[in-house]
Every structure is written in structure tokens, then in C-alpha cells.
Amino acid sequence: MQHLHENINATVCISARNLATASVIGGPIDTRGYGGVEFIVEHGTRSASTVTVTTTVMESTATTASTFTSVADGDLVGLETDVSLAAVAISAGVTSACTKRIGYKGQKRYVTVDAVQTGVTSVGCVGITALLHNPGNAPTTNP
């Protein structure tokens, strides 16, 4: 049986939190030694359909926050709109209490995600985990 356990490394990009109509930029994720990153975006239960959560994958050659820029669509696996939430009717498992994912296959060493909420201030929470995969040196171990 195939398994991922020794071929991935997971780290928190943005800890679960209420965005409260603010932009939250995750910490830099170091991709050195890995072939790619899959971001797992966990949206909590929403209490208002008028909210939007926009997620933008960013990349840089350094860890300095001001050096990060948006990733070109060609370096993503999936679309940022697919992991964002629009102001639509609440549907459990689709637009509320749901998990979405987007991949990064670019060449920059550091990546992160910017999550921005607009609308009402208390609608649930967002958490983002970075799942690094295809290590150059396997097996990986739990940090």
C-alpha cells in the first residue's frame, strides 16, 4: 500500500482565527528540498452570507514580508477563486464549514498565503496548513 506519511511535511501557514475584516498574511514557508506545496484552506462555519474571504498565494526569494508578490496562475495547481469564499448563500460543506486546497509548483524558495475578509466582522474562522510534498530526501520525520 502506498502512503504519504514519510513523503510530506505539514506546517501551519495561518493558525485558525477570525479574520475580522483584516488581511492576515501567513508566515513564510520554506520550500527548499521539496517539489511543491499544497495549501489546505479550512473555512469555519459562517454566520453571514454577505462575507467574502479572498485568498492569494504569494512567493519570494527571501523571508522579508515586503518582498512577497502574487504567484502567476501558471505556477498554481487550481485557482485562487476556488479556495476563496464569495458572498453567496451559506451551504454547509461548500461555502461554510468546508476545506479547500490549492497547489504551488513555482520555483521561488518561500511561499505563503494572504487571506482577506470583507463584510461583517464575525463570521467564522479560517486556518491554512502548508503541506510540503515530493521531498528530495525521504523519508521525512515529524518535526
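Before anything else I noted the pairing rule: two strands pair if DSSP finds at least two bridges between them. Strands themselves are DSSP runs (E, at least two residues), numbered from the N terminus. I kept in mind that this is a predicted model, where local features need pLDDT of at least 70, side-chain atom pairs count only at pLDDT 80 or more, and totals for chains, interfaces and linings use all residues. Residues are numbered from 1 along each chain as its sequence is written, and side-chain values use heavy atoms, with hydrogens and water left out.

Entry: I looked up S4 (residues 34-43) and S8 (residues 98-104) and found an antiparallel pair with seven bridges. Within that pair, Glu38 has Gly103 of S8 as its bridge partner. A reminder to myself: strands of a sheet pair through backbone hydrogen bonds, either parallel or antiparallel.

**Entry: strand S9.** Which strands are joined to S9 by bridges? I found S2 (residues 23-25), antiparallel to S9 through three bridges, with Ile25 opposite Asp114. S3 (residues 29-30) is also antiparallel to S9, through two bridges, and there Ile29 faces Val111. S5 (residues 52-60) runs antiparallel to S9 over nine bridges, with Val57 opposite Val113. I also checked burial (buried means under 20% relative accessible area, exposed over 50%, partly exposed in between, with a 1.4 Å probe and protein chains only). In S9 (residues 110-118), seven of the nine residues are buried, so the strand is largely enclosed by the rest of the structure.

**Entry: salt bridges.** I counted a side-chain nitrogen of Lys or Arg within 4 Å of a carboxyl oxygen of Asp or Glu. How many salt bridges does a search of the whole structure find? It finds two. One joins Arg109 to Asp30, with the closest N and O atoms 2.8 Å apart. Arg109 is in the loop between S8 and S9 and Asp30 is in strand S3, 79 residues apart. Arg109 is partly exposed at 29% relative accessibility, and Asp30 is partly exposed at 30%. Another joins Arg101 to Glu38, with the closest N and O atoms 3.5 Å apart. Here Arg101 lies in S8 and Glu38 in S4, 63 residues apart. Arg101 is exposed at 60%, whereas Glu38 is buried at 16%.

**Entry: the core.** I took a nonpolar core as buried Ala, Val, Leu, Ile, Met, Phe, Trp, Tyr and Cys residues joined through side-chain atoms within 4.5 Å. The largest one has 24 residues, and those touching the most other members are Cys13, Ile29, Val37, Phe39, Val57, Tyr104 and Ile128. S1, S4, S5, S8, S9 and S10 (126-135) each supply at least two residues, and S10 gives the most, with four.

**Entry: His43.** Is His43 buried or exposed? This residue of strand S4 is buried, with a relative accessible area of 4%. Its side chain reaches the backbone oxygen of Val83 at 2.9 Å, a polar contact (a pair of N or O atoms within 3.5 Å; within protein, one must be able to donate a hydrogen and the other to accept it, and residues adjacent in sequence count only if both atoms are side-chain atoms).
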